[in-house]
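Please find below a colleague's note on the chain under review.

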Amino acid sequence: MNFTIDEGEFVAIMGPSGCGKTTTLRMLAGLEAPSEGEVRMEGRVMNTLPAHERDTPLVWQSLALFPFLNARENVEFGLQMRGVDSVARRKKAIDWLDRLEIGEFAERDISSLSGGQKQRVALARALAPEPSVLLLDEPFSNLDSTLRVEIRSEVNQLLTNLEITTIFVTHDQDEAFVLGNRVAVMREGRLIQIDPPHDLYRQPVDGWVAGFVGDANIFPFNKSVNSVCSTPIGEIPVLKVADNPSGILIRPEELKISEGNDGIVEIVEYYGHDAMVLIRLKDGTLIKARTPAVSNCQRGDQVSVSYVGMGAALL
């Protein structure tokens, strides 16, 4: 991989398990050496600089809090290692716990805190020394869905205000798209694409990325006449973003379902805010379409499908 992160930028890294996301963070943190190449920070080569001398704290998925220290003492630890005197580090630790809304638990044993409270302590410990770069390795993955969204929003607002350069590993597309100014997608140890969320979603570099970052209908590319392609659901305008296209990408939300006879509904997956509908067309093609939750689409219904997007991407 080869990429540059700007000061104050928030980059999210996604990819399948084992693709190298955490290894990348470990190399940035100084816990693992690159087999080749250089890690640079503000122009300085960091390869031989040990972890404790780097300004790149890493918040682990397991949090790695010290069980023999209370919440405040955990936050003070990094400051103590930097030689901050006891009065100053105590004040700073309490200030950060307050900012993360757990100041009242400063003297609590770590074992007595909930998962969300421990998460906040781990973030406070990493942020207290005011690092140049913050590394996050799936720090929200152990939280329930409601708390996860709550803390994610708080962290997003906090880090945006602090303008701390942040690199964040996640399996969750929503987290990557919500938090990342850019999202990097890895596969088998390689960086496949890094772009702002909108560009990554609308113009993926290939079919694998298209399917990894969201639901996708991919039709074979035959030919394009006046930037219009023929598909199983009719002619569709396309975005010319591929030199030698092999497929046409249509996202489910770009399709509209209405009464008709293009195909039959096979499955309806209801999500609350909307539903995913799988439709078998007359030619046997199976496509996915998103529909509002108020839709009364049912399995076995005969329907028509039309394209309502601004232009499909070529892969």
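1. Basis and overall form. The model is predicted, and the remarks that follow should be read accordingly. The chain contains 8 helices and 18 strands. Its C-alpha atoms fill a box of roughly 75 × 45 × 30 Å along the principal axes. Of the 315 residues, 44% are buried. Among contacts between residues at least 6 apart in sequence, 66% join residues at least 24 apart.

2. Nonpolar cores. The largest nonpolar core comprises 43 residues, and those with the most contacts inside it are Val59, Val121, Leu134 and Leu136. Helix 4 (residues 115-127) gives the most to this core, contributing 6 residues. A second, separate core has 21 residues, including Val265, Ile279, Val303 and Tyr307.

3. Surroundings of Leu134. Which residues does Leu134 touch, beyond those up to four places away in sequence? They are Pro57, Val59, Ala126, Leu127, Leu159, Ile164, Thr165, Thr166 and Ile167. Val59, among these partners, is also listed with Leu134 among the residues with the most contacts inside the largest core.

4. Helix 4. This helix has 13 residues and reaches 18 Å from its first C-alpha to its last, close to the 18 Å expected at 1.5 Å a residue. Because 11 of its 13 residues are buried, helix 4 is largely enclosed by the rest of the structure. Among the buried residues are Gln117, Gln119, Arg120 and Arg125, as well as Val121, Leu123 and Leu127. The buried residues of helix 4 pack against strand 4 (58-59), strand 5 (133-137), helix 2, helix 3 and helix 5 (145-162).

5. Asp55. This residue lies in the loop between strand 3 (44-45) and strand 4, and is partly exposed, with a relative accessible area of 24%. Asp55 and Ser132 are 77 residues apart in sequence, yet their C-alpha atoms are 5.9 Å apart in space. Leaving out residues up to four places away in sequence, Asp55 touches Met41, Arg82, Glu130, Pro131, Ser132 and Val133.

6. Val84. The loop between helix 2 (71-81) and helix 3 (86-99) holds Val84, which is partly exposed at a relative accessible area of 26%. Apart from residues up to four places away in sequence, Val84 touches Leu79 and Arg89. Val84 and Ile94 are 10 residues apart in sequence, with 14 Å between their C-alpha atoms.

7. Positive phi values. Leu63 is not a glycine but has a positive phi of about 75°. Leu63 sits in the loop between strand 4 and helix 2 and counts as buried at 11% relative accessibility. Glu101, also a residue other than glycine, has a positive phi near 65°. Glu101 is placed in the loop between helix 3 and helix 4. Is Glu101 buried or exposed? At 54% relative accessibility, Glu101 counts as exposed.

8. Glu254. The loop between strand 13 (247-250) and strand 14 (255-270) contains Glu254. Why does Glu254 count as buried? Its relative accessibility is 7%, and the limit for a buried residue is under 20%. Beyond residues up to four places away in sequence, Glu254 touches Arg202, Leu249, Ser306, Tyr307, Val308, Gly309 and Gly311. Of these partners, Tyr307 is also included in the second core.

9. Asp301. This residue is in the loop between strand 16 (286-292) and strand 17 (302-307), and counts as partly exposed at 28% relative accessibility. Asp301 and Ile264 are 37 residues apart along the chain, and 5.6 Å separates their C-alpha atoms. Apart from neighbours within four places in sequence, Asp301 is in contact with Gly263, Ile264, Val265 and Asn296. Val265, one of these partners, is included in the second core.

Note on methods
Residues numbered from 1 in each chain as written. Predicted model: local features only at pLDDT ≥ 70, side-chain atom pairs only at ≥ 80, totals over all residues. Heavy atoms only, no water. Core = buried A, V, L, I, M, F, W, Y, C linked by side-chain atoms within 4.5 Å. Buried < 20%, exposed > 50% of the residue type's maximum accessible area, 1.4 Å probe, protein only. Helix = DSSP H or I, 4+ residues; strand = E, 2+ residues; numbered from the N terminus. Contact = heavy atoms within 4.5 Å. Expected span 1.5 Å × (residues − 1).
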